[in-house]
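Work through the exercises below with the structure open. Each task is followed by a stepwise solution.

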Amino acid sequence: MIAAVVTKDKKVSVEEKQLRPLKHGEALVQTEFCGVCHTDLHVKNADFGDVTGIVLGHEGIGKVIEVAEGVTSLKVGDRVSIAWMYESCGHCEYCTTGRETLCRDVKNAGYTVDGAMAEQVIVSADYAVKVPANLDPAAASSVTCAGVTTYKAVKVSNIRPGQWIGIFGIGGLGNLAVQYAKHVYGANVVAFDINDEKLAFAKEVGADAIVNLLNEDPIAKAKELTNGKGLDATVVTAVAKTPFNQAIDVVKAGARVVAVGLPVDKMDLDIPRLVLDGIQVIGTLVGTRQDLQEAFQFAAEGKVVPKVTLRKIEEINEIMEEMEQGKITGRMVIDFTK
Ligand SMILES: [Zn+2]
Ligand SMILES: [Zn+2]
């Protein structure tokens with residue numbers, strides 16, 4: 001089968017690869033679609049360590065074509081996800097308290113184990129979440145990482161209906177954060193970015209207000225929208241340091257600032273602001289299997305519609321370059337159905 005494999009020189013090679021036989025509890029999935037995530041770029045560039053030879057991809061959707069011994073949760077024909085959280089240990093303090101994404105022994109698809117940017121992929125059956133029948137599989141691929149990550153971030157922000165939430169960075173994640181905040185949580189949404197095209201897209205998918213950080217003052221705008229109080233929460237999906245600091249500047253006392261983007265940097269925290277105003281800064285990473293099921297359900301109901309562009313596996317290095325240059329609106333999704 002054909003797979004997108006990380007090479008020593010930080011490129012992706014589309015090559016023939018042989019899969020190992022299934023083990024107890026595993027299933028074989030015929031991939032239909034796999035989204036290209038900013039994390040794939042980090043993995044390819046060895047930002048988290050050298051993983052030469054690994055198959056990329058953690059936004060996979062496909063159909064089960066074989067199940068090994070011991071599989072009770074899936075059957076042949078089921079449509080399932082292949083997510084970043086490929087498998088966790090199942091028995092540590094995190095796994096037993098609904099925080100399985102923090103498991104210290106977690107395996108990650110397309111990073112520590114072979115992922116879904118391939119014609120076929122092996123999954124750990126109990127961790128492959130079923131996709132609702134009425135959800136388009138290409139759209140589902142975007143929910144598998146970008147969708148569940150932003151759904152979880154908005155959930156963690158504790159935003160309530162009618163409150164104001166700010167979303168910083170309107171890329172593949174940000175536009176979905178806008179949609180979950182607006183159409184699932186009933187919040188008022190202000191989108192922050194430096195790209196007018198992305199801001200226009202945020203408006204299209206439900207943002208009540210937009211701010212171009214290159215020529216507008218985010219603090220003044222946040223005050224104007226909230227009678228001088230400041231935003232109730234912010235979610236930062238940006239991949240630069242400055243928006244992380246701005247996300248703290250625009251919130252009111254007692255607010256939560258949820259960090260999702262992964263710039264390799266440190267943020268500045270004004271300690272008096274943090275202490276005197278009781279600001280909470282929280283990091284959140286993807287979502288649990290239950291979060292993914294919920295994120296799928298809202299997409300199946302049409303409340304959240306990922307913008308996807310179908311591409312060929314041979315274009316993977318081109319897509320990586322476009323991503324590096326910030327040229328992508330929505331999600332590029334590799335189509336394995338043809
Ligand atoms: Zn991802
Ligand atoms: Zn665990």
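Predicted model: local features only at pLDDT ≥ 70, side-chain atom pairs only at ≥ 80, totals over all residues.

**Exercise 1. Classify Asn108 by burial and list its contacts.**

Step 1. Asn108 has a relative accessible area of 9%, so Asn108 is buried. The classes are buried for under 20% relative accessible area, exposed for over 50%, and partly exposed in between (1.4 Å probe, protein chains only).
Step 2. Helices (H or I, at least four residues) and strands (E, at least two) are DSSP runs, numbered from the N terminus.
Step 3. Contact means heavy atoms within 4.5 Å. With neighbours within four places in sequence left aside, Asn108 touches Trp84, Met85, Tyr86 and Val113.

Residues are numbered from 1 along each chain as its sequence is written, chains are lettered from A and ligands numbered from 1 in the order in which they are written, and side-chain values use heavy atoms, with hydrogens and water left out.

**Exercise 2. Find the protein donors of the zinc ion (ligand 1) and give their spacing in sequence.**

Step 1. Apply the cut-off: donors are N, O and S atoms within 2.8 Å of the metal (3.2 Å for Na, K and Ca). Water is not among the atoms, so sites may look incomplete.
Step 2. The protein donors are Cys37 (SG), His58 (NE2) and Cys145 (SG), at 2.0 to 2.2 Å from the zinc ion.
Step 3. Their spacing reads C-x20-H-x86-C. Cys37 is in the loop between β3 (26-35) and α1, and His58 is in the loop between α1 and β4 (59-67); the two are 21 residues apart.
Step 4. Check burial. Cys37 is buried at 2% relative accessible area, and His58 is buried at 0%.

**Exercise 3. Decide whether Lys44 is buried or exposed, and look for a salt bridge.**

Step 1. Lys44 belongs to helix α1, residues 38-44.
Step 2. A salt bridge needs a side-chain nitrogen of Lys or Arg within 4 Å of a carboxyl oxygen of Asp or Glu.
Step 3. Lys44 is buried but has no salt bridge. The nearest side chain of opposite charge is Glu324, 4.8 Å away. For charge, Lys and Arg count as positive and Asp and Glu as negative; His and the chain ends are not counted.
Step 4. Beyond neighbours within four places in sequence, Lys44 contacts Val6, Lys10, Lys11, Val12 and Met320.

**Exercise 4. Count the aromatic pairs, then classify two of them.**

Step 1. Rings of Phe, Tyr and Trp (its six-membered ring) pair if their centres lie within 6.5 Å; planes under 30 degrees apart count as stacked, over 60 as edge-to-face and the rest as tilted. The count is six aromatic pairs.
Step 2. Tyr151 and Tyr185 are 6.2 Å apart centre to centre, with 40° between the planes: tilted. Tyr151 is in helix α2 (residues 137-156) and Tyr185 in the loop between α3 (174-184) and β10 (188-193), so the pair ties together parts 34 residues apart in sequence.
Step 3. Phe168 and Phe192 are stacked, at 4.1 Å centre to centre and 5° between the planes. Phe168 lies in strand β9 (residues 164-168) and Phe192 in strand β10, so this pair joins parts 24 residues apart in sequence.
Step 4. Phe168 is buried at 0% relative accessible area. Phe192 is also buried, at 0%.
Step 5. Tyr151, Tyr180, Tyr185 and Phe298 make up one aromatic cluster.
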